[in-house]
Amino acid sequence: MAKLFAADLRGALDFKLSEVLRFDLLLGIFGGIAAGFLAWKQPAVVIAVSPWMAGSAGVVIGAVVAGLSVLVAFLDQPFLRKLRAINQSPVRYLAPFLFTAVLGIFAVVLLTAVACFTPTAPAVPFIAVVSIAAFAGFWTLFSLIPGLDTLVQFVELKLEALDVPDDIGQLGSVAPSLVRGRG
């Protein structure tokens, strides 16, 4: 049976509620509310600023792709075998970056839509789109901070994996305890 659209990505982004309810979400909500208020008072300013915010979200997407590339570069076969031996999943370390990239794409699309409005657009739909776009944009920007924390955790994982032999899990390799037992 064919996989549903982006089924693997959805599986990687299966976060616990505690992983979503963090300070970056709160800052995104605050940014969305503030932008909605500004859209009500000064719609022309919001329209003028939206391309800059979309560009910022685009820069974040680029930084996230670079961070993912660095992480994936370290996922060679010996390291993946070590991760399996210590019951760690590499997806756990990629997921925050994937989430930020998906959120950033959503933000760029909405912020581009905001740039298409005119200052004389109907207030209610304009304010709604601006609030959601700003929420996604600010959340994208601030979600880089937990992503950096994930990089630190990944470095700690690399240190933990040093204690696992490089040839673990390979066919023909013998467990170190068995080698010591022979005499």
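## A residue on helix α3

Let us start with Ile 33, which has its place in helix α3. This is a predicted model, and everything below describes that model. Is Ile 33 buried or exposed? Its relative accessibility is 58%, and exposed means over 50%, so Ile 33 counts as exposed.

Ile 33 and Phe 135 are 102 residues apart along the chain, yet 7.6 Å separates their C-alpha atoms.

## The second largest pocket

Next, have a look at the second largest pocket, with its volume of about 220 Å³. Its lining is made up of 15 residues, and those nearest the centre are Ala 35, Val 46, Val 49, Ala 134 and Phe 138. Two or more lining residues come from each of these elements: α3 (23-41), α4 (43-73), α6 (91-115) and α7 (123-142).

Which element gives the largest share of this lining? That is α4, with five residues.

## How α6 and α7 meet

Two helices that contribute to that pocket lining, α6 and α7, can also be viewed as a pair. A packed pair of helices is described by the angle between the axes and the distance between them. For α6 and α7, the axes come within 8 Å and cross at roughly 150°. Angles over 145 degrees count as roughly antiparallel, so α6 is roughly antiparallel to α7. The crossing in which α6 passes α7 is left-handed.

Definitions and conventions:
Residues numbered from 1 in each chain as written. Predicted model: local features only at pLDDT ≥ 70, side-chain atom pairs only at ≥ 80, totals over all residues. Heavy atoms only, no water. 1 Å grid on protein atoms, 1.4 Å probe; cavity = no way out; pocket = protein on both sides within 12 Å on 5 of 7 lines; lining within 4 Å. Points joined across faces, edges and corners; volume = space filled by probe spheres on them. Helix = DSSP H or I, 4+ residues; strand = E, 2+ residues; numbered from the N terminus. Buried < 20%, exposed > 50% of the residue type's maximum accessible area, 1.4 Å probe, protein only. Axes fitted to C-alpha atoms, helices over the stretch in contact; angles between N-to-C directions. Parallel < 35°, antiparallel > 145°, perpendicular 65-115°, else oblique. Left-handed = near helix turned anticlockwise from the far one by under 90°.
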